[in-house]
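I opened a new page to write down what I looked up. I started with the overall picture and then went to single places.

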Amino acid sequence: MKIRQISVFIENKSGRLYEVIRLLGGNNINVRAMSLADTTDFGIARFIVNEPDEAYRLLKDNDFTAGMNDVVAISVPDKPGGLAGILHVLQQKNINIEYMYAFVNQSGDNAIMIFRFDDTDLALSALKGARFDIINEKSLFNI
Amino acid sequence: MIWNPTYEKMPRKELEKLQLERLKHTAALVYNKVPHYKKVFDKANVRPEDIKSLDDLRRLPFTLKSDMRDNYPYGLFSAELDNIVRIHASSGTTGHPTVVGYTQNDIDIWSEVMARTFTAAGLTNKDVIQNAFGYGLFTGGLGAHYGAERIGASVIPVSGGNSHRQIMLLKDFRATAICGTPSYVASLIETAQDDGVDLHSLPVRVGIFGAEPWSAEMRREIEGKWGIKAIDIYGLSEIIGPGVSSECEEEQNGLHINEDHFIVETINPETAEVLPVGSEGELVFTTISKDGMPLIRYRTRDLSSVDPTPCSCGRTFVRMKKVRGRSDDMLIIRGVNVFPSQIESMLLEYNGVLPYYQIVVDKNGPMDTIEVQVEISEDVFFSDRIRSLQTAEYSLEKSIKESIGISAKVRFVEHRTIMRSEGKAQRVIDKRTEKKQ
């Protein structure tokens, strides 16, 4: 139920993010979701893509500093309190969220939240136990 | 193994007698043949005949790098050009390059001392040596080449650079030893990893590295990643090139100076006062057997110390400590002396691998600033979490501050944005001097 996420280290120089995106787009990699975290010197771009292995290889071959790690995608009802329910469960189990970001799919009723936990397995079992709608990699691209 | 036990194991008394005899000869040679030396000897009110014991060496004047520039190109040669068979030059970063001339006798001495170097590293005529020192005006390539041929090894004169081909040759020609600069070898290791070549599967067992200061941590790193024994060698073109001193495989602890050819002293770099044996200071060499361009008390600017205690390998030659840095490499940051090798040690200690790095020194108003740019790669430092990266930066800054006493900024940069060296690594960019010029 884990989703593979690609992350890329990018120095704060103009045009670097464009180069990453262009490389992925030019090779028919579809970016489903992304987030960018930055400091004054550098940023880390994180991507959920349809072909993670291929994207990872492409980035490496082009001398980008890239990594692949597991995240969890959960479908959250797009209504007040939707996210609170998830966070409540995590808080009760004392599970830390490293970071999270969201995207809304076309059909519109649900938002998809991407979570990065320090202990992914522990988080997954807690969320499964609470019967949240955890999305696997395949269905993420069939939405 | 010892190439020439007669000299390398010569009892100290006998060795000192030989040194005195050769010193007298050399002093007379330069006094009679080189106008510069006649002038400076006269000025110091000393004559070659005044040398009665080795202690009299300190009465002779020093030779400085600037003397080489002032006498560019051939002014310090004591042999006629008819008898000079080779000319090398060091890359001059400022002004003229430093030129050195060799007679056939000098080339023979050079081959001899490099033969000792390879033998001390455990190599014989059964070995295949891939020589990745640069061939050309730089002394590394040809010096290693002649020494390797002298012991009868098979030499692959590949020179520096073209890393993919180097890896291919290592695989196909089955080299058992490699020589080159440590920074180039580190980039070769990286190339092998990119090419998917398992270095441990290659028959290379020994590496002979030198021509630039490198840290003990970097040695462990190269030895670990490649599974070879890394031997440190030392030399400088002014004295002969590589072959001035080298480690023995038995101890790998200090480099035996070929004292039948070179007399070593250590001095206080500021006052030029001769220091007692064992104290750290600037190394000073006098060549006592060369006849193309002998140098009297040449100040190397290299900082080290000399250990006279006997070595388990049986050589009677003193050992110099791994050079900590060249005094010209020393940076003065806000009044604090900093060696690039100190920063290298910090980086290596952090997680056991040496990343590519570069030190940029600049000025912000009257304040010197220092920035250590560190390349990150997936194996080193990289994380998808900003916090881990920042923590790494902060703790590196903290350890630099604690050990060296200066505040440096550590900045992560992208993979392969720092220039790879094929010869000596350019670790420092000092923008303060660029601004002055």
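**Entry 1: the whole chain**

I noted at the start that this is a predicted model. I looked up the secondary structure of chain B and found twelve helices and 21 strands. I then asked what radius of gyration chain B has. The value is 22 Å, and a compact globule of 437 residues would have one near 22 Å, so the two agree. Along the principal axes, the C-alpha atoms of chain B fill a box of roughly 75 × 55 × 40 Å. I also looked up burial: 46% of the 437 residues of chain B count as buried. Of the contacts in chain B with a separation of 6 or more, 66% are between residues 24 or more positions apart.

**Entry 2: two domains**

Chain B is divided into domain 1, residues 1-326, and domain 2, residues 331-436. Their centres, taken over C-alpha atoms, are separated by 30 Å. I looked up where they touch: the contact takes 18 residues from domain 1 of chain B and 15 residues from domain 2 of chain B. On the domain 1 side, helix H8 (182-194) and helix H9 (216-226) of chain B each give two or more residues. H8(B) has the largest share of that side, with four residues. By class, the domain 1 side divides into six nonpolar, eight polar and four charged residues.

**Entry 3: helix H9**

I stayed with H9(B) and asked which of its residues are buried. They are Met218(B), Arg219(B), Glu221(B), Ile222(B) and Trp226(B). Seen down the axis of H9(B), the buried residues fall within an arc of 160°, so they line one face of the helix. On the other side of H9(B), Ala216(B) and Gly224(B) are exposed. I then looked up the partners of the buried residues: they pack against H8, strand E6 (206-210), strand E7 (229-236) and helix H10 (340-351) of chain B. After H9(B) comes Gly227(B), with a positive phi near 70°.

**Entry 4: strands**

I looked up an open sheet of four strands in chain B, with the order E10-E11-E12-E15 and antiparallel pairing. Strand E10 (262-267) and strand E15 (325-326) of chain B are at the edges with a single partner strand each, so one side of each has no neighbour in the sheet. Strand E12 (residues 298-304) of chain B is joined to E15(B) by two bridges, and the two run antiparallel. Asp302(B) stands opposite Arg326(B) in E15(B).

I also checked strand E2 (residues 98-103) of chain B. Five of its six residues are buried, so E2(B) is largely enclosed by the rest of the structure. Six bridges join E2(B) to strand E1 (residues 84-90) of chain B, again an antiparallel pair. In this pair, Ile84(B) stands opposite Thr103(B).

**Entry 5: a buried loop residue**

Asp260(B) is in the loop between strand E9 (255-257) and E10 of chain B. Is Asp260(B) buried or exposed? Asp260(B) has 21 C-beta neighbours inside 10 Å, and therefore counts as buried, the cut-off being 20 or more. Leaving aside neighbours within four places in sequence, Asp260(B) is in contact with Tyr7(B), Leu15(B) and Leu18(B). Arg22(B) is 238 residues away along the chain, yet its C-alpha atom and that of Asp260(B) are separated by 8.6 Å.

**Entry 6: backbone angles**

Most residues other than glycine have a negative phi, and most peptide bonds are trans. I looked for exceptions. Ala272(B), not a glycine, has a positive phi of about 65°. Ala272(B) lies in the loop between E10 and strand E11 (281-287) of chain B. With 13 C-beta neighbours inside 10 Å, Ala272(B) counts as partly exposed.

Arg301(B), not a glycine either, has a positive phi of about 70°, and lies in strand E12 of chain B. Arg301(B) is partly exposed, with 18 other C-beta atoms within 10 Å.

The peptide bond from Tyr72(B) to Pro73(B) is cis, with omega near -5°. Pro73(B) is in the loop between helix H4 (65-70) and E1 of chain B.

**Entry 7: chain A against chain B**

Last, I looked up the contact between the chains, which takes 14 residues from chain B and 17 residues from chain A. On the chain B side, helix H11 (386-404) and strand E20 (409-413) each supply at least two residues. E20(B) gives the most to that side, with three residues. By class, the chain B side has five nonpolar, three polar and six charged residues.

Methods
Residues are numbered from 1 along each chain as its sequence is written. Chains are lettered from A and ligands numbered from 1 in the order in which they are written. This is a predicted model: local features need pLDDT of at least 70, side-chain atom pairs count only at pLDDT 80 or more; totals for chains, interfaces and linings use all residues. Two residues are in contact if their C-beta atoms, placed from the backbone, lie within 7 Å. Ala, Val, Leu, Ile, Met, Phe, Trp, Tyr, Cys and Pro count as nonpolar, Asp, Glu, Lys and Arg as charged, and the others, Gly among them, as polar. Two strands pair if DSSP finds at least two bridges between them. The radius of gyration is taken over C-alpha atoms; the globule rule is 2.2 Å times the number of residues to the power 0.38. A residue is buried if 20 or more other C-beta atoms lie within 10 Å of its own, exposed if 12 or fewer, and partly exposed in between; C-beta atoms are placed from the backbone. Domain bounds come from an automatic or database domain assignment. The arc is that of the directions from the helix axis to the C-beta atoms.
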